[in-house]
Amino acid sequence: MPADQPDDETAREMLRIGRRIREVREHQGLTQEKVFLAVPMNRAHYQDIEGGRANPTLRTLVRIARAIGVPLAELVG
């Protein structure tokens, strides 16, 4: 497996966390744009995180959690 490709377990977690971010964001009534501008990051990277295609850093996850108004544990727990 290439070094930049996540293993199966990591890929599943990336997908789970991305889905959870989207679920919470939508429950809060927030748009993707509102969140990625608050973080800040570019639209494509944010969409990749929600889609489980990007492996965000802890710093990015903390910023996303703050932007959507929940504790980090609610996204990754």
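Student: Where is Arg25 placed?
Tutor: This is a predicted model, where local features need pLDDT of at least 70, side-chain atom pairs count only at pLDDT 80 or more, and totals for chains, interfaces and linings use all residues. Residues are numbered from 1 along each chain as its sequence is written, and side-chain values use heavy atoms, with hydrogens and water left out. Helices are DSSP runs of H or I, at least four residues, numbered from the N terminus. By that rule, Arg25 sits in helix 1 (residues 8-27).

Student: Is Arg25 buried or exposed?
Tutor: Buried means under 20% relative accessible area, exposed over 50%, and partly exposed in between (1.4 Å probe, protein chains only). Contact means heavy atoms within 4.5 Å. Leaving out residues up to four places away in sequence, Arg25 touches Leu30, Thr31, Gln32, Val35, Tyr46, Glu50 and Ile68. Its relative accessible area is 7%, so Arg25 is buried.

Student: Which residue has its backbone oxygen 2.9 Å from a polar atom of the Arg25 side chain?
Tutor: Look at the residues that Arg25 touches, among them Thr31 and Leu30. The backbone oxygen at 2.9 Å belongs to Leu30.

Student: How do the axes of helix 1 and helix 3 cross?
Tutor: Axes are lines fitted to C-alpha atoms, for helices over the stretch in contact, and angles run from 0 to 180 degrees between N-to-C directions. The axes of helix 1 and helix 3 (residues 43-50) come within 7 Å and cross at roughly 110 degrees. Angles of 65 to 115 degrees count as roughly perpendicular. Therefore helix 1 and helix 3 are roughly perpendicular.

Student: Which residues of helix 3 meet helix 1?
Tutor: Helix 1 brings Met14, Gly18, Arg19, Ile21, Arg22 and Arg25 to this contact. Facing them from helix 3 are Tyr46, Ile49 and Glu50.

Student: What is the relative accessible area of Arg43?
Tutor: Arg43 is in helix 3. Beyond four places in sequence, Arg43 touches Glu33 and Phe36. Arg43 is partly exposed, because its relative accessible area is 43%.

Student: What arc do the buried residues of helix 4 cover?
Tutor: In helix 4 (residues 58-68), the buried residues are Thr60, Leu61, Ile64, Ala65 and Ile68. They lie on the same side of helix 4, because their arc around the axis is only 135 degrees.

Student: Which exposed residues does the opposite face of helix 4 carry?
Tutor: The buried residues of helix 4 pack against helix 1, helix 2 (32-38), helix 3 and helix 5 (72-76). The face turned away from that buried side carries Leu58, Arg59 and Arg66.

Definitions and conventions: Helix = DSSP H or I, 4+ residues; strand = E, 2+ residues; numbered from the N terminus. Polar contact = N/O pair within 3.5 Å; in protein donor to acceptor, adjacent residues only side chain to side chain. Parallel < 35°, antiparallel > 145°, perpendicular 65-115°, else oblique. Arc of directions from axis to C-beta.
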